[in-house]
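Please examine the sequence and the structure shown below before reading the report.

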Amino acid sequence: MDWEPDTRVTKARTQAIQPYKPLVRLRNIEALLRRHSVAILMLIVPLSVEYRLQRASNLAEEALAKLAEIDLETISETELQPVRIRVGLSFVGFGALSTALLLLYLSTLHPELDSIAQIRRYWYQYIWFVCLGVAGLFVLGREAMRSRESSIPSFTAKERDD
């Protein structure tokens, strides 16, 4: 008896079962849900809304088809750097803006509360907004500490001598 697996069978199985790409899966799931929802809504909305709904559905179909063509494996780390910086800045900005709006809300609608009473009453919101800002700072700090080896050109000894 041969207890070792047949490599020909396992190779054929792995080649036959190719996993979905995440963006293709997103497109398929969204299309399944959207088409069903649009079909139901088209029965109950007026004609003008029905036309706009169908147009929006077609635009979503086209946009997700283009998105599904993107191969995530071909995106390099240097191409993702500006996106990471924007996400970090968005977190910091949203945390600061939310904290400022919370302070504005408290000073206009609850002027009777002093700062300790405000924090005691709205500590949960303060924590969320500060944590958003800190998370953004962590993203920015990680991006700042990321090695720049891929962006620095490497020279061979012959190229340096020339």
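## Overall fold

This is a predicted model. The chain holds seven helices and zero strands. Read from the N terminus, its elements follow the order α-α-α-α-α-α-α.

The chain has 162 residues, and 15% of them count as buried. Its accessible surface amounts to about 13500 Å², with 65% of that area belonging to carbon and sulfur atoms. Contacts between residues at least 6 apart in sequence can also be sorted by separation: 66% of them join residues at least 24 apart. Arg 25 belongs to helix H2, which covers residues 22–42. With a relative accessible area of 43%, Arg 25 is partly exposed, because this value falls between the limits of 20% and 50%.

## Helix H6

Helix H6 covers residues 123–145. Its 23 residues, at 1.5 Å a residue, should span 33 Å, and the C-alpha atoms at its ends are 32 Å apart, so the two values agree.

Which residues of H6 are buried? They are Tyr 126, Phe 129, Gly 133, Gly 136 and Glu 143. The cover over the buried residues of H6 includes H4 and helix H5, the latter at 115–121.

## Aromatic rings

The structure has three aromatic pairs. In one of them, the ring centres of Trp 123 and Tyr 124 are 5.7 Å apart and the planes stand at 85 degrees, so this pair is edge-to-face. A second pair is formed by Tyr 124 and Trp 128, also edge-to-face, with 6.4 Å from centre to centre and 75 degrees between the planes. Through such ring pairs, Trp 123, Tyr 124 and Trp 128 are linked into a cluster.

Tyr 124 and Trp 128 both belong to helix H6 and are four residues apart, which is about one turn of the helix. Are these two residues buried or exposed? Tyr 124 has a relative accessible area of 48% and is partly exposed. Trp 128 has a relative accessible area of 52% and is exposed, because the value is over 50%.

## Salt bridges

Side chains of opposite charge can pair when their charged atoms come close. In the whole structure, seven salt bridges are found.

Glu 77 takes part in a salt bridge with Arg 84, at 2.5 Å from N to O. Glu 77 is partly exposed, at 44% relative accessible area, whereas Arg 84 counts as buried, at 17% relative accessibility. Glu 77 also meets Arg 146 in a salt bridge, with 3.2 Å from N to O. Glu 77 lies in helix H4 (residues 77–109) and Arg 146 in the loop between H6 and helix H7 (157–161), so this pair ties together parts that are 69 residues apart in sequence.

Arg 146 is partly exposed, with a relative accessible area of 22%. The side chain of Arg 146 forms a salt bridge with Glu 143 as well, at 3.4 Å from N to O. Glu 143 has a relative accessible area of 3% and is buried, because the value is under 20%. Elsewhere in the chain, a network of salt bridges links Glu 30, Arg 34, Arg 35 and Glu 61.

## A nonpolar surface patch

Which residues form a nonpolar patch on the surface? The patch is made of Leu 26, Leu 67, Ile 70, Leu 72, Ile 75 and Leu 80, which together have about 430 Å² of accessible area.

One of these residues, Leu 72, is located in the loop between helix H3 (47–68) and H4. Leu 72 counts as partly exposed, at 41% relative accessibility.

Notes: Residues are numbered from 1 along each chain as its sequence is written. This is a predicted model: local features need pLDDT of at least 70, side-chain atom pairs count only at pLDDT 80 or more; totals for chains, interfaces and linings use all residues. Side-chain values use heavy atoms; hydrogens and water are left out. Rings of Phe, Tyr and Trp (its six-membered ring) pair if their centres lie within 6.5 Å; planes under 30 degrees apart count as stacked, over 60 as edge-to-face and the rest as tilted. Buried means under 20% relative accessible area, exposed over 50%, partly exposed in between (1.4 Å probe, protein chains only). Helices (H or I, at least four residues) and strands (E, at least two) are DSSP runs, numbered from the N terminus. A salt bridge is a side-chain nitrogen of Lys or Arg within 4 Å of a carboxyl oxygen of Asp or Glu. The expected span of a helix is 1.5 Å times one less than its number of residues. Contact means heavy atoms within 4.5 Å. Patches are made of residues with over 30% relative accessible area and no salt bridge: like charges are joined within 9 Å, nonpolar side chains (Val, Leu, Ile, Met, Phe, Trp, Tyr) within 5 Å. Accessible areas come from the Shrake-Rupley method with a 1.4 Å probe; for residues, only the protein chains shown count as cover.
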